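Walk me through this protein, please.

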Amino acid sequence: MNRLVSESSPYLLQHAHNPVEWWPWGEEAIGEARRRDVPILLSVGYSTCYWCHVMERECFESAEIARVMNEHFVCVKLDREERPDIDDIYMNALLITRGSGGWPMNVMLEPERLRPFWCGTYFPPTSARGMPGWPDVLGGIAEAWKGRRAEVVEQSERIAEAVRENLASGREPVGVGQAQVEAALSQLMSTFDRINGGFGGAPKFPQPLYLRFLMDVKQIAGDEQTQRAIWLCIKKSLDAMASGGIYDQVGGGFHRYSVDATWTVPHFEKMLYDNAQLMLAMGEGAEATGQFEEYLRIVRETADYVLREMTHAEGGFFSAQDAEVDGREGLNYVWTAEGVREALGTGEGGEDAELAIRIYGLDRGPNFQDPHHAHEAAVNVLRLEDRLDVVAGKLGMEPQALRVRMAGIDRRLYEARQKRKQPRLDDKVVASWNGLMISALAWASHWLEDRKYLVAAEKAAQFVLREMMGTDGRLVRSWRDGKRSVPGFLEDSALMIEALLDLAEVRSDREAKESATVESYVAAAERLAECAIEDFKEEVNGRVRWCDTRAGQGDLFVRTSAMHDGVMPSGPSAMLHAMLGLASITKKERWENEVRDLLGSLSGGIAESPVGCIEATRGLLRLLRDPKLRELMGERQAANFVDSAEQTGRVGGGRDAEKLMAVEVYAAIDRVTVSEEIPGQFTLVLKIAEGYHITAADPGPKGEGLVPLRIGIVHGSGVAVYADYPAGEAYGDGLLVHRGTIELPVVLELSGEWKGRPLVGITYQACTETECLAPVTVELDVAVEKA
């Protein structure tokens, strides 16, 4: 056993019996590295990470490899879910140096100031698939540390400075308003996959933050055409996810993401935060699209899954379920036709078996081959070909009759599945993730008119306030088996404030006797907000910013203030919504002022990348479309950060709906790194809708007055962009255009002084046979990093 044996994190405990002499992150490990004058080998992962398990089996359980690690480094294991602050910092370093990230993340740190000088992810035990073996990597780093120390330290400072620039640089407040909302709408609709739903290509993430933004925009869309375009995007995406293999058709709940563009084969881990946000998206989607029966069925099944498999006896919600069983991805979730027949039996059960085989697509052959065990037989991930009510129509059945019959079939399949070996459960309770699920269950009780979900939400809230809060009123990050972890982060406070306010709002819809409970939730939210202001808000050079961590943390070389919204809202974005809620409910000037300061601090990020800061942009939209909030803020205060032009106008109108759908833009990557020696490269794909064409980059002699296709930098500086534009096809007499699908190889080179955060944009003008739409510039959701 190593030092991890006394930790509470399931991920760290998985490594407690490795021959590697792992240390937990902390002063002792840092002090040991300084005493020995060796680098820290920081290995970051989480308990349900497939490739973390693979590298452990291949490398960390090897006595020979462990000997090399122990001799040359102080080896530290970190659970990214317990310390998202450390994970964010070194993941940013990994993205800067490698151009892509992932877990396990293995980073080498110089011990004095904990700056990274080398970053990587998974490595095999010996050279394979174009990757060096882990022992070779270790040997090269150890040699560099001993023989070229000055170069190593110099490199660590260059990387650290780039991280500081990305995660801690403040921005001047700027005017933001309807223009940023419309820019976000235009970009999202341009990346919408009209064939399969969702955004972009494979691997495909659910992106509930995008969908919730679109639902809010739909309420103020300018005309019926624009509303319908947004409605189609929301409906197509939710339909595809509810029908696909990303949704556990038998047991309920969503898997992490889809490895393909059609939502068929998922990465099988299940995360609490994904399921909470997708419950909210499905419930709000039911209201936005009118698809109440199907979407609320998914809400109910997902809520029941969480209560059944992800809930502690005392009320808190667990974090995640693993993707693998016995080293096989999805082993618990996949089926064969024979397995279905065996589970459902003969006679009437035999009829059910044949129905299930048809409904879930097993009659069309297998759809999943484990890429890591190609010698094993292919199997099926269960999926529907369409929404269950649509399938019922194709079978000549009443939708409700099919729902009832499939519910019985799924119950028996689930019982059979429970007899299999189950995935590992990460049973720690994370404050922010619990906040998300409390909100989701509170609203589920409202949509489904079922009090049991409200009871579960309130029990979880009481658990967090009782077990995860200190005597000073401050949250801890996580809890497991009675042990509390480190102090909580900004996201923990923000999402728990939102959860308490959601409980208060759902409660306020009930009888007057609920008023005392509502007041207690609001009071608890206000106390958390006061602590958050003390801990996370600071003023630097006259600018207000909200930080992810508390001041004075000696184990961080930078205090971050991340604005980018990813699979979860960033801490500052979540706090904006929390303060908007407090301002709306309490009518207090205290919280109105905080809304003003928060939106001012976020305004630079919103202006620079409305989609990258989508939850903050949604907060801006929430202010713009809510007359009560605008009245509370007052025109004078609002003008400090909200563009006064057309503040209360409606989004879109006229030809805008067609403009949103005319061209789809896809990038093959989400980050690109540019260095002095090596340019950044990626490929753009443009899908032009039938009946439309766009003006070519070289439009020919008849192109005067039209805007040609162009790639360029739309924010920041220090990068030059070049594209290999394809030749256009002839259209009429002397005009060159593009139709259908085109690919654009893009190259980025360093050029001039690096300022701000450069973003790549693409400008095009779409036309039909009879008229041309206004030119559109789409900011690509591709982060440009300087190595």
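Cys-59 is buried, at 0% relative accessibility. Here buried means under 20% relative accessible area, exposed means over 50%, and partly exposed lies in between (1.4 Å probe, protein chains only). The closest cysteine sulfur to that of Cys-59 belongs to Cys-75, 12 Å away, which is too far for a bond. Cys-233 is in no disulfide either. The nearest cysteine sulfur to Cys-233, that of Cys-613, is 20 Å away. Cys-233 is buried too, with a relative accessible area of 0%.

This is a predicted model, in which local features need pLDDT of at least 70 and side-chain atom pairs count only at pLDDT 80 or more, while totals for chains, interfaces and linings use all residues. Residues are numbered from 1 along each chain as its sequence is written, and side-chain values use heavy atoms, with hydrogens and water left out.

Now for the cysteines that do bond. A disulfide is a covalent bond between the sulfur atoms of two cysteines. In this model it is called whenever two cysteine sulfur atoms lie within 2.5 Å. By this rule there are two disulfides. One joins Cys-49 to Cys-52, with 2.3 Å from S to S. The angle about its S-S bond is 80°, and the link of Cys-49 and Cys-52 is right-handed. Both Cys-49 and Cys-52 are buried. Cys-767 and Cys-772 form a disulfide as well, with their sulfur atoms 2.0 Å apart. The link of Cys-767 and Cys-772 is right-handed, with 105° about the S-S bond. Cys-767 is buried, at a relative accessible area of 1%. Cys-772 is partly exposed, at 38%. Number the bonded cysteines in sequence order, and the pairing reads 1-2, 3-4.

Next, the sheet. Helices (H or I, at least four residues) and strands (E, at least two) are DSSP runs, numbered from the N terminus. Two strands pair if DSSP finds at least two bridges between them. Five strands form an open sheet in the order β1-β3-β2-β4-β5, with mixed pairing. Its edge strands are β1 (23-24) and β5 (116-120), and each pairs on one side only. Look at β2 (residues 40-45) and β4 (residues 105-109). They pair in the antiparallel sense over five bridges. Val-44 stands opposite Met-105 in β4.

Which strands does helix α2 touch? Helix α2 (residues 27-36) packs on the sheet and touches β1, β2 and β3 (74-79). A contact means heavy atoms within 4.5 Å. The direction of α2 makes about 160° with that of β3. Such angles run from 0 to 180 degrees between N-to-C directions, and the axes are lines fitted to C-alpha atoms, for helices over the stretch in contact. Helix α5 (residues 84-98) also packs on the sheet. Helix α5 touches β2, β3, β4 and β5, and its direction makes about 80° with that of β5.

Charged side chains come next. Side chains of opposite charge can pair when their charged atoms come close. A salt bridge is a side-chain nitrogen of Lys or Arg within 4 Å of a carboxyl oxygen of Asp or Glu. The structure holds 64 salt bridges. In one of them, Arg-113 meets Glu-157 at 3.9 Å, N to O. Arg-113 lies in the loop between β4 and β5, and Glu-157 lies in helix α7 (residues 149-168), so the pair ties together parts that are 44 residues apart in sequence. Arg-113 is partly exposed, at 46%. Glu-157 is partly exposed, at 26%. Both belong to a network of salt bridges that also links Glu-110, Arg-115, Glu-161 and Arg-164.

Another salt bridge joins Glu-324 and Arg-424, at 3.7 Å from N to O. Glu-324 is in strand β10 (residues 324-325) and Arg-424 is in the loop between α16 (399-417) and β12 (425-426), so this pair ties together parts 100 residues apart in sequence. Is Glu-324 buried or exposed? Glu-324 is buried, at 6% relative accessibility. Arg-424 is partly exposed, at 39%.

Finally, how confident is the predictor? pLDDT is its confidence in each residue, from 0 to 100. The protein averages a pLDDT of 90, and 94% of the residues score at least 70. Over residues 635-641 the pLDDT is below 50. Where pLDDT is low, the predicted coordinates should not be read in detail.

Conventions: pLDDT = per-residue confidence, 0-100.
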